[in-house]
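Please keep the sequence and the coordinates at hand while reading.

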Amino acid sequence: MLKSSSSEDESESEDYPDDPDISHSSQRNLREGVSASSNDSLAHSTSAVHTRGSLSDRSVGRPSSPSHSVSTSSEPPGREEERALREEEEHKRRLQLYVFVMRCIAYPFNAKQPTDMVRRQTKVTRQQLQIIKDRFQTFLNGDTQIVADEAFCNAVQSYYEVFLKSDRVLKMVNSGGCSSNDFREVFKNNVEKRVRSLPEIDGLSKETVLSSWMTKFDAIYRGEEDQRKQPQRLSTLAGSELILSKEQLYEMFQNILGVKKFEHQLLYNACQLDNADEQAAQIRRELDGRLQFIESIAKQPKKGPKFVLKEMEEMYVEELRAQVNLLMANLESLPVSKGNTDSKYSLQKLKRAQNTAVSMMEVTEDSEPTLSKADVVLSFTLEVLVMEVKGLKSLAPNRIVYCTMEVDGGDKLQTDQAEASKPAWDTQGDFTTTHPMPIVKVKLYTENTGMLSIDDTLLGKVVVRPTPNSPKTPEWYKLYTPKSVTDKITLKLAVRMDKPQNMKHCGWTYCQGRTAWKKWKKRFYVLVQVSQYTFAMCSYREKKADPNEMMQLDGFTVNYIDADQELEAQGGRFFFKAVKEGDSLTFACDEEVDRQLWVQAIYRATGQSYKPVPPTQISGGKGSNAIISRLQGDADRARKHGMDEFIQRNPSTFNHAQLFKLLQELMLDHRLNDSFSCLGWFSPGQIFVLDEYCARYGVRGCHRHLCYLDNLLDRAENSQMIDPTLIHYSFAFCASHVHGNR
């Protein structure tokens, strides 16, 4: 008589039989049908991924939880050691998988969290079902303060006897297929029929009666819970159904993969997941490694999977190339800076991957478009803060003084007026400029009290030449005074110059090259990112917005070198070099920390696979020194705890199809055991990670859905409630692939 209805049409109670074993034979037939129909066509697709690496060549198990199994005292010592080794290897495997997942979360460029998914309701557990029964029994016994008429009591009695005490409902609750919303909708559907059958009452509509009955039902269902805490509790529970932050996603996958908090912190710091430039460079290195692997298969087909037909080898290589081309196009679609989303260089690497059979690092300059000075436009924001003046001894205390400020001869800004006895302002002027080496002029004036005077009297001025690397803290500057002023005046001033997004590093350094900067000289250099794959080293002069000389860094490889005695005699102490076929650039810095920062920035720009190792380690210090020390410390701690092997491994050497199968299975178990009646549907955050992982590491859609379908049928056979629509979706996707539509 009573029908279970939910906000999801799939979770109605009538869709499931009383005995869950009834559907086992049909589920097994469905599984066998998928396996038989897709066996031939999927044999090549599943064998397309090789088993490479010690962590990736093991078969995937199906652990029910990320925790280690409990040892028994009856096991022989040899078996205990063997079991411990298996658990250690499995934990290493999950740590490696967690590194790949973290990188997907830190810098996604293929997927985003969906916002159009149906929100799942919190599930009802067996304990909660008993509590709900007790609350309704208490109401029927007349032990509550809820006032109700006979018709409502009869409806509640019917609901209690037919629905709540039903063995079918108990089985559904045990399978995780019932939510609080389902319980409410069942009662609502039942009482709607009862209210419609009631006689009309003047002045009282049936909608009002229905609303009143539902309010009383909610009061009975909640019992005497604290209403002030309830909304907060519900909002916390609903958090995983909303868009999750990166920190929340990290925490979720720590629980899914059994990763400890300190292990996550070591990996997070060593991978520099908070550095967008490093993550973009990591993606470029991964794609270059995949291209090299593809070309090795094209030259030596024996390295690839075995196919029935010879023509399928070429089809396989073309499919891999298409995957990499799509990833490169997606990466190029990410803007480098505001107003620079489109560039004639954006498809440069994509064309290169299609038209050449060598690595991206081995392309000649003839195939590259030439950069122009208009492609490296920079825009800086300057904040000039005038604070106070000291040394105004010869000026009367009641005289009015003020300051003016200007950048590169542009518009002037003036501070408020102040008395000479208290010359303090704390006034900030905001400027914009395209000059990497701007000139900031600040002048101090006093008002001229003469009747015939027109201009105020200049007391002193200072010229500041800031760079993006200049300190942001206030400093005291000595003013240059005219001959008529005998006081030694100082001005407290702060100049803050922000880096634009497309500037990756800058500073003074010596350089000499073959085709550019042919003379060994100290210049101000800026590393500019034109697109996701195009970087340029530019030298600038004062008062100039355009670079004096520039060099595109594509194809270069950077590394530390020993000092050149001949060049060192002319300037510079710590040397490094960027080389490519037919060209080279030799650099030198006055400080070791500057050299390491430059090498790090150029290493990210070139996308080279080899990571330069500094010959000397830096410890202590402030500012940039502290940055280098922190990065070295993070790497050392990760190496000490054995995490370095997971970070340095090449992703293209792994069997990502098997890793993904393990990841998806663990995610499904985690999802089915959370507080929501999901019926097998993943949360938006989980869908996002699965989409990004498949796109970034080349997991085929058919393999994904085939594994998903297998997992869903397994859970359904184990008496867990699975949405039939979800099974149909995965089966239809696999069937479409078998028939050649995908």
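## Helix α5 and its ends

Just after α5, Gly176 takes a positive phi of about 75°, where helices (DSSP runs of H or I, at least four residues) and strands (runs of E, at least two) are numbered from the N terminus. The model is a predicted one, in which local features need pLDDT of at least 70 and side-chain atom pairs count only at pLDDT 80 or more, while totals for chains, interfaces and linings use all residues. Residues are numbered from 1 along each chain as its sequence is written, and side-chain values use heavy atoms, with hydrogens and water left out. At the start of α5, a side-chain oxygen of Ser166 comes to within 3.1 Å of the backbone nitrogen of Arg168.

Val169, Met172 and Val173 are the buried residues of α5, buried meaning under 20% relative accessible area, exposed over 50% and partly exposed in between, with a 1.4 Å probe and protein chains only. They cover an arc of only 100° around the axis, which puts them on the same side of α5; the arc is that of the directions from the helix axis to the C-beta atoms. An α-helix has 3.6 residues a turn, so residues three or four places apart point the same way. The cover over the buried residues of α5 includes α3, α4 and α6.

## Helix α3

Helix α3, residues 126-140, has 15 residues and spans 21 Å from its first C-alpha to its last, close to the 21 Å expected at 1.5 Å a residue, the expected span being 1.5 Å times one less than the number of residues. The buried residues in α3 are Leu129, Ile132, Lys133, Phe136 and Phe139. They cover an arc of only 125° around the axis, which puts them on the same side of α3.

These buried residues of α3 pack against α4 (150-164), α5 (167-174), α6 (180-197) and α7 (206-222). After α3 comes Gly142, whose phi is positive, near 80°.

## Aromatic pairs

Across the whole structure, a search finds 27 aromatic pairs; rings of Phe, Tyr and Trp (its six-membered ring) pair if their centres lie within 6.5 Å, with planes under 30 degrees apart counted as stacked, over 60 as edge-to-face and the rest as tilted. The rings of Tyr159 and Phe217 have centres 5.6 Å apart and planes at 85°, so the pair is edge-to-face. This pair links distant parts of the chain, with Tyr159 in helix α4 and Phe217 in helix α7, 58 residues apart. Tyr159 is buried, with a relative accessible area of 0%, and Phe217 is buried with 1%.

The rings of Phe163 and Phe183, with centres 5.2 Å apart and planes at 80°, also form an edge-to-face pair. Here Phe163 lies in helix α4 and Phe183 in helix α6, 20 residues apart, and both residues are buried. One aromatic cluster is formed by Phe136, Phe139, Phe152, Tyr159, Phe163, Phe183, Phe187, Trp213, Phe217 and Tyr221.

## Thr467 in its loop

Thr467 is placed in the loop between β7 (457-464) and β8 (475-478), and Thr467 is buried, with a relative accessible area of 13%. Leaving aside neighbours within four places in sequence, Thr467 is in contact (heavy atoms within 4.5 Å) with Pro436, Met497 and Phe524. Thr467 and Arg496 are 29 residues apart in sequence and 8.7 Å apart in space, C-alpha to C-alpha.

Methods: Polar contact = N/O pair within 3.5 Å; in protein donor to acceptor, adjacent residues only side chain to side chain.
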